[in-house]
Each structure stands twice: as structure tokens, then as C-alpha cells.
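Please have the structure open as you read.

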Amino acid sequence: MTDQSYNFAYLDEQTKRMIRRAILKAVAVPGYQVPFASREMPMPYGWGTGGVQVTAACLMPEDVLKVIDQGADDTTNAVSIRKFFQRTAGVATTEATSEATIIQTRHRIPEQALTAGQILVYQVPIPEPLRFLEPRETETRKMHSLEEYGLMHVKLYEDIARHGSIATAYAYPVKVEGRYVMDPSPIPKFDNPKLSDSPALQLFGAGREQRIYAVPPFTRVVSLDFDDHPFDPSKAPHDCDLCGASESYLDEVITDDSGGRMFVCSDTDFCRTRREAGHAGRLGEAQFSSKKIANSFEGICPPTGDEA
Amino acid sequence: MYVAVKGGERAIDNAHAFLAEERRGDPAIPELGTAQIREQLRLSVNRVMAEGSLYDPDLAALGIKQSRGDLIEAVFLIRAYRTTLPRFGASRPVDTGKMTCTRRISATFKDAPGGQILGPTFDYTHRLLDFKLLADGQTPPAAATAPANESPLPHITGFLDRDGLIQPETGNAETPPDLTREPMELPAPRALRLQALTRGDEGFILSLAYSTQRGYGRTHAFVGELRIGTVAVEMEIPELGFAVEVGEIELTECETVNQFTGSKTEPPQFTRGYGLTFGQTERKAIAMSLVDRALRWRELGEDDTGAPAQDEEFVLMHADNVQATGFLEHIKLPHYVDFQSELELIRKLRTEAIAARTEAAE
Amino acid sequence: MTATLSGGFRDAPTQSARAFRAILDALSRPGTIQTLSGPVTPPAPLSQAAGTLLLTLADATTPLHLAGDLDTPAVRDWLTFHSGAPLVGAGDAAFAVGTWDALLPLSRFFIGTSEYPDRAATLIVEMQDLSPNGARLSGPGIDGHAFLSLPEVTAFAANHRLSPLGFDCFLTAGDRLAGLPRSTRVEAA
Ligand SMILES: [Zn+2]
């Protein structure tokens with residue numbers, strides 16, 4: 001049920017119009033960061049206020065919303081943002097990637113390929129890919145305008161000289177349609193290939209930094225690299241211990257005091273779907289229900305011996 | 001067998017219940033009312049109003065109660081509420097020259113028309129804990145003060161103005177940009193800088209101001225005048241064709257007088273820094289005026305010494321404590337996807353480095 | 001007077017949300033044709049799609065230019081009442097609406113700056129009809145290529161060559177809407 005004391009999707013109409021105009025300009029100039037007058041939201045800066053404002057400006061009553069953080073629907077901040085939209089927009093929510101029309105995400109792109117009807121909204125902490133090389137906005141803005149990205153290439157090249165490979169594992173910079181260098185938000189570089197030529201619309205919102213940018217569907221997104229050091233989106237050489245998937249991004253979980261560990265899909269919907277389809281990994285079994293009560297707020301429950 | 005579990009929603013609900021219980025504290029102790037906060041913790045209320053950019057003592061008191069006295073959290077509550085308020089229009093600029101002053105001091109002139117008014121200040125209290133306040137307080141006897149000076153007190157810097165000894169501040173009819181409605185664009189005009197400073201974190205502005213006094217962008221500041229009091233807020237009503245008073249607010253205004261030996265573009269004269277804040281918030285207003293003056297190096301043709309307080313982008317982008325605290329505290333959110341990718345990278349780099357070393361040794 | 005006051009959104013929060021999604025779809029998938037069949041009924045000759053788009057996006061902060069025959073007292077009053085957008089000349093416009101001929105010459109419209117390409121104008125071209133054939137489109141938002149009945153090829157091709165500068169376009173006919181951002185390559189089919 002929608003809370004009647006708020007406007008639909010919380011934001012007032014004037015604010016929504018301002019954000020909508022910024023989104024459209026972002027779509028028209030793929031990869032360029034459009035400044036927008038980010039509002040103070042009832043949740044802290046750095047906790048998804050940019051993504052929340054973009055989602056709020058896009059939501060319509062018929063939408064089905066999915067919210068993930070670290071790939072999981074049940075991380076506390078994902079729960080909190082989902083509740084916010086249930087309360088203020090009354091929209092239906094889902095954990096199934098395929099059922100969602102809008103997916104707000106922090107740090108992951110779902111494993112399951114997105115489709116043409118979907119919008120993926122990223123929460124972005126630092127939208128400027130050049131920020132850690134040049135802290136001044138006045139300077140980085142000039143660099144983008146002149147398409148002067150030498151600094152970034154020097155940084156990546158120094159990595160190779162020092163470490164033998166590029167030492168950036170997440171928030172790996174990309175170039176959009178051959179023009180703007182863009183920060184894909186702190187997704188693991190494993191997810192980078194999914195940015196390119198997606199049938200879905202990808203929108204990026206940075207609330208504190210007051211920027212919105214976009215990758216329209218079917219847009220070329222290339223991870224920066226060198227001919228002799230091509231981009232490598234590799235991940236841990238393991239299979240999921242719960243569902244056995246070999247191609248998904250994994251979280252590492254420490255399971256006991258003696259350093260035992262297991263690897264599980266970071267995308268909880270993907271893992272659950274596989275287990276429900278009968279797949280099982282090294283330590284899991286096909287699981288047909290997740291109604292297990294836990295005392296911790298999320299995670300993996302070890303064998304207790306009292307399973308019915 | 002291991003299974004995936006859920007419980008995020010329940011954990012959040014439980015945490016909220018726990019928080020409410022902690023907020024109340026020992027139920028045997030009477031609950032604190034927001035009127036008590038408003039009246040007896042007024043300097044906290046003032047800070048929350050100043051940094052929350054909303055003049056409403058009752059709501060600020062509520063914010064302080066709800067936040068368990070965490071003033072930055074209270075500022076955040078006020079800001080989030082403020083953004084939802086419809087805007088009916090803009091007031092006329094307040095006239096601080098017509099302020100009814102409860103306090104007014106100058107460090108540059110021993111006396112001036114209107115005199116020095118000490119007002120309710122900690123300045124000359126001996127900082128000794130007053131154990132009498134531990135006991136249930138009695139109403140203190142009324143202070144022997146002259147009745148508030150209702151006639152307007154001239155601005156002290158006006159005397160220097162008259163002799164052409166201080167750089168004149170000319171009025172500007174342009175509507176200043178609204179920091180809360182437009183994205184920050186740099187370089188910022190002074191009006192925008194002052195907006196950012198007045199709602200900036202008191203601690204941050206204080207430290208920056210202090211750094212200028214210790215030589216990081218020194219501006220040789222004296223407090224030309226510090227005044228605290230109430231001013232009328234007036235709004236132009238187009239249908240009436242004149243302005244009507246819609247209320248009264250308490251403000252602190254500080255003008256510093258800064259020695260200035262001249263530059264390539266400006267003659268030797270005094271210059272000023274300006275601070276204006278909601279409520280009695282004089283530490284903030286003084287600090288603001290020092291930082292304002294330090295940021296004016298460019299327009300006065302001074303050298304950029306590389307001092308933090310001279311660096312507009314550094315100051316403006318980091319002064320806001322609601323932004324800063326949000327981003328600082330977000331690192332406690334789960335980052336295990338990023339961390340996992342770092343873990344893999346470090347493992348890979350280590351393996352390669354160790355292999356290279358072994359090879360070299362052979 | 002009643003014509004001025006009526007014909008807006010009845011429930012702006014939800015109806016403008018649906019309209020925006022159609023507009024967003026149009027611009028992020030050039031070559032597709034969306035329908036804006038909400039409750040908005042602007043005075044003639046403003047089309048339903050153009051009227052809906054303006055009520056969804058324009059307000060007191062977005063200067064609006066009415067080109068040619070669209071600049072009638074009825075249209076002015078209706079847009080002023082429902083959006084509050086100040087009416088301005090072409091060079092100052094954030095939004096401009098009119099037929100293709102009325103919008104010419106396009107050099108009048110702001111194309112943004114290299115540091116702020118987002119500040120470029122958005123043109124709303126009122127058309128007799130819209131169909132998925134005509135000029136060949138490719139680029140962001142398009143899987144391979146698409147076709148769209150554009151009033152002209154040269155002007156859009158030239159605008160794309162300015163990219164990332166350049167204006168962005170919506171084409172409207174009745175309740176139908178297509179988008180053509182500056183990022184789209186336009187060629188004769
Ligand atoms: Zn799995």
C-alpha cells in the first residue's frame with residue numbers, strides 16, 4: 001500500500017522533472033556525466049541516494065522493482081531501499097531478475113542477461129573516473145571536454161610496469177561509444193563485458209556528487225586496455241559451492257576458525273533459481289525453500305544437524 | 001548441508017526497536033521534552049538550524065531529541081525534511097543594520113555609537129564546572145541588563161567605509177544561485193561560497209579558519225563587528241504591491257577587518273570577510289568570515305599560497321557534514337563484491353611476484 | 001478560459017510518470033515509435049504528444065520557444081498555465097516546438113558547450129505522420145539499424161557530426177512520439 005502522506009515515489013513533481021530532463025540528456029550523450037540538483041533524501045549520502053532519485057524519477061505504478069546490493073536482494077541496504085519504494089510508490093517488488101522492469105543495483109550486474117523492457121539503475125559513489133588521478137572537478141571537466149585521457153592510460157600503464165598487469169579489480173574504467181571515459185560504478189571488472197550492447201537501458205545516479213549518466217541499449221562500452229595487455233574479466237577459479245555454477249561471480253565465505261572457506265554466487269536470485277532447478281554444488285543440495293530462520297541478518301547457514 | 005538464509009528485514013526492524021529503547025534511556029528518569037531542548041539547549045538548536053538551513057527551533061529540537069543528541073544526525077533530519085517543503089517565494093534580503101541586538105562587540109574600536117553590548121556570552125566565564133547545576137535548578141535571578149536596544153546600531157565597518165579605508169561592498173541586484181536547487185558549479189561566485197559556508201560543518205569551518213590564523217593563507221583578521229540579535233523577515237506580496245513582515249529570526253553576523261597592503265590590482269586598504277548564521281552561533285560566524293576572506297584571494301589579486309582555506313574547490317566540496325558523514329559511513333555497508341575482486345587481484349599479483357622471485361633466485 | 005485551464009494531467013504524479021517512460025523509451029531507442037495517449041488535450045495545433053511531453057518535462061526553469069503557427073494565444077496560455085515555462089526566442093530555448101519548416105534555421109538553437117554538452121536545446125518537431133521507414137538510423141539505442149520518417153537527412157547528419165554537442169529531437173504526430181538524440185547516425189536509406 002502506498003503511504004498517502006507522500007507524493008508518488010516520494011519526490012515532488014518539480015524535482016522529478018529536473019531529474020527526468022537530466023536523464024534524457026544523459027541518454028543523448030552516452031557516458032557524459034550530467035550535473036543535477038540532487039536533493040537530500042531521507043537516507044544518507046553514499047547509501048544510494050543517486051540511484052534512489054533516478055529510480056523515483058523513472059518509476060510508474062505498473063513497474064516491478066528489484067533492488068540488489070552486492071548482487072543480493074536481502075542485504076540490509078537493499079531491503080531498506082525496497083521498503084522505501086513499497087511505502088512511497090506502492091509498486092510491486094520481486095527478487096527474480098527476469099520479472100523486474102526496474103532493477104536498482106549497488107556493485108553488481110545480474111548474472112541473467114537483461115532484456116529490452118528493463119532499466120538497470122546503478123548507485124554510484126564517485127562518478128568521475130579521473131577523480132583519483134586528478135581531484136579537481138574543474139580539471140577533470142576540461143579533460144573530458146578535450147577528450148584528453150592520457151592520465152588514465154599512464155596510470156594503467158604504470159600498473160603494468162610495476163605489477164605486470166592492470167591493478168584495478170572493480171570500478172574498472174570504460175570508454176562509451178568511443179568518446180567518454182566512464183566509471184561503471186564499483187562493479188567487479190568481471191561484470192564489465194555485460195555493460196556493452198545490452199538490450200536494457202542503464203542509468204547511473206550519484207547523489208552526493210550530483211551527477212547522472214547513461215548507457216543506452218545497444219551501446220558500445222569498451223574496458224580500457226592495451227594491445228599487449230588486453231582486458232581480462234576473470235574471476236576466482238571456483239564453482240559455486242551451493243549451486244555448482246561455474247560462470248557466476250562468487251563471494252568468498254569463511255566457514256570456520258581454521259580457515260575453511262566456501263565460494264557462493266554473489267547473485268542470490270541466480271543461485272536460488274539454479275538450486276530450485278535441481279543444481280547442487282560441492283557443499284549444497286538442491287534447495288526448494290529458503291524459509292530458514294537465521295539470527296544473523298544475512299548469509300549462509302551451516303549444517304545444524306536438526307534439519308527436518 | 002549449507003543453505004542460504006534471509007533475515008535482513010527482521011534484523012532492521014529489531015534494530016529500530018532497539019534504537020527507540022536506547023533513545024528513551026532509563027524510563028525512571030523523566031522524558032526530555034522538545035520545549036526543554038529548545039529553551040535549555042538553545043546553542044545546539046541554533047547549530048542544527050544553521051547547518052540544516054532551516055529556521056525552525058521546534059523542529060530542530062525534535063531533530064535533536066530524535067537523534068539522541070547527535071547534532072549532525074539532527075542536521076540531516078532537518079535537511080531531509082526541508083527538501084520536501086514547497087516554496088512560496090523568496091524573502092527580501094534581511095537588513096542586519098536594523099537588527100535588535102542582544103550582543104554587539106567590536107575588537108577594532110574601543111567604543112562606537114551604540115556601544116559595546118556583551119550579551120549572553122561564555123567569554124568571561126571561568127570554565128569551572130558549576131556543581132550547582134547538578135542539583136535541581138532554580139530559576140536564576142533576572143540579569144541586570146539595559147533593555148534591548150531597539151534603535152538600529154550602525155555597522156562599525158561603516159565608519160571605515162566613510163573614510164574610504166575599507167574596500168566597499170557594493171550591492172548586487174543579481175539573484176544568487178541556490179545551492180540546494182542547482183548543482184554546484186565552479187568557480188563559484190561569492191554569494192554561493194557564503195551559502196556553502198553558512199551551512200557548512202562548524203568544526204570544518206572552524207579548523208580552516210584556525211589554519212589561516214596559523215599562516216596557511218593568513219589574512220590578518222580582526223573582528224570589526226560581531227552582532228547577534230533579531231531581524232524582521234519581509235516578503236514582497238505582488239498582489240499588495242508592498243512587502244509585509246512574515247516573521248523574525250535571530251542571526252549572528254560577523255564582519256572582519258583585514259589588513260591588506262595592496263596588490264597589483266587593488267590599493268592598500270582594509271578588506272573584509274563576512275559571516276552570517278542562524279541563531280547565536282558566533283564561533284561559526286567568525287570562522288565563516290575568516291574563510292570567506294581567505295577565499296577572496298583571486299578577486300583581490302593576492303597570491304595563491306596553496307593553503308587549504310584558499311582552495312575554493314577543496315573548501316566547498318568538503319564543508320557539508322551531511323554529505324561527508326554519509327559518504328564516510330557508507331564504507332560500513334557491505335563491500336564484499338569489491339573486496340572479493342581485490343582479494344583475487346592480490347592473490348594473482350602475489351603468485352606472480354613470488355614466481356618471479358623464485359625464478360630470479362634459480 | 002476553460003480551454004486554458006483544462007486538458008492537463010488529472011493525476012500528475014502517475015500520469016507524468018507513464019508519459020516520461022514513453023519519452024525515455026523513445027529517446028533511448030531511436031527508430032521506435034511510442035504512444036502518449038494520456039489525458040492531456042492541448043489546444044490545436046499543438047499535438048497531444050507534444051503537449052504531453054511539455055507538461056511532463058517543462059516548467060518555470062525551462063525557457064520554451066513556440067515556432068511559427070504554433071505560437072497562438074491559446075497555445076501560449078495553455079502552456080503558461082500548465083507548465084509555467086517562460087516563452088522565449090529560439091536562441092534561449094531549452095525546449096522548442098514547431099513544424100520542421102518553422103524551426104528552421106536550426107543554427108538558432110543552443111547546442112551546448114564542450115564542458116556542458118547537456119545544456120543543448122531539445123526540439124519537438126510536429127509532423128503530419130510518423131512511420132518506421134525513411135532515413136536509416138544507427139548508433140546508441142539501436143540494434144544494428146532502424147528507419148524513421150524524418151523531415152530531412154542532411155540537417156540530422158550534420159547535427160550528429162557535432163556530437164557530443166548538438167540538439168536532441170523528438171518527433172511528434174498526434175499521440176505518437178519518436179526520439180532522435182544527437183548520438184544517432186542518420187543516412188539516406
Ligand atoms: Zn550459486
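In this predicted model, the side chains of E62(A) and R18(C) meet in a salt bridge, at 2.7 Å from N to O. Between chain C and chain A the count is 5 salt bridges.

**Interface of chain C with chain A: polar links and elements**

- The count of residue pairs in polar contact between chain C and chain A is 20, with both residues at pLDDT 80 or more.
- On the side of chain C that touches chain A, the elements giving two or more residues are α2 (12-28), α3 (48-57) and β7 (168-173) of chain C.
- The most comes from α2(C), with 12 residues.
- By class, the residues on this side of chain C are 20 nonpolar, 11 polar and 10 charged.

**Interface of chain C with chain A: extent**

- In contact are 41 residues of chain C and 42 residues of chain A.
- About 3300 Å² is buried between chain C and chain A.
- Carbon and sulfur atoms give 61% of that buried area.

**Helix pair in chain B**

- Helix α7 (residues 190-198) of chain B packs with helix α9 (residues 282-295) of chain B at an angle of about 145°.
- The axes of the two helices are 10 Å apart.
- The crossing of α7(B) with α9(B) is right-handed.

Notes: Residues are numbered from 1 along each chain as its sequence is written. Chains are lettered from A and ligands numbered from 1 in the order in which they are written. This is a predicted model: local features need pLDDT of at least 70, side-chain atom pairs count only at pLDDT 80 or more; totals for chains, interfaces and linings use all residues. Side-chain values use heavy atoms; hydrogens and water are left out. Axes are lines fitted to C-alpha atoms, for helices over the stretch in contact, and angles run from 0 to 180 degrees between N-to-C directions. Helices (H or I, at least four residues) and strands (E, at least two) are DSSP runs, numbered from the N terminus. A crossing is left-handed if the near helix is turned anticlockwise from the far one by less than a right angle, and right-handed if clockwise. Contact means heavy atoms within 4.5 Å. Buried area is the accessible area (1.4 Å probe) that two parts lose on being put together, summed over both. A salt bridge is a side-chain nitrogen of Lys or Arg within 4 Å of a carboxyl oxygen of Asp or Glu. A polar contact is a pair of N or O atoms within 3.5 Å; within protein, one must be able to donate a hydrogen and the other to accept it, and residues adjacent in sequence count only if both atoms are side-chain atoms. Ala, Val, Leu, Ile, Met, Phe, Trp, Tyr, Cys and Pro count as nonpolar, Asp, Glu, Lys and Arg as charged, and the others, Gly among them, as polar.
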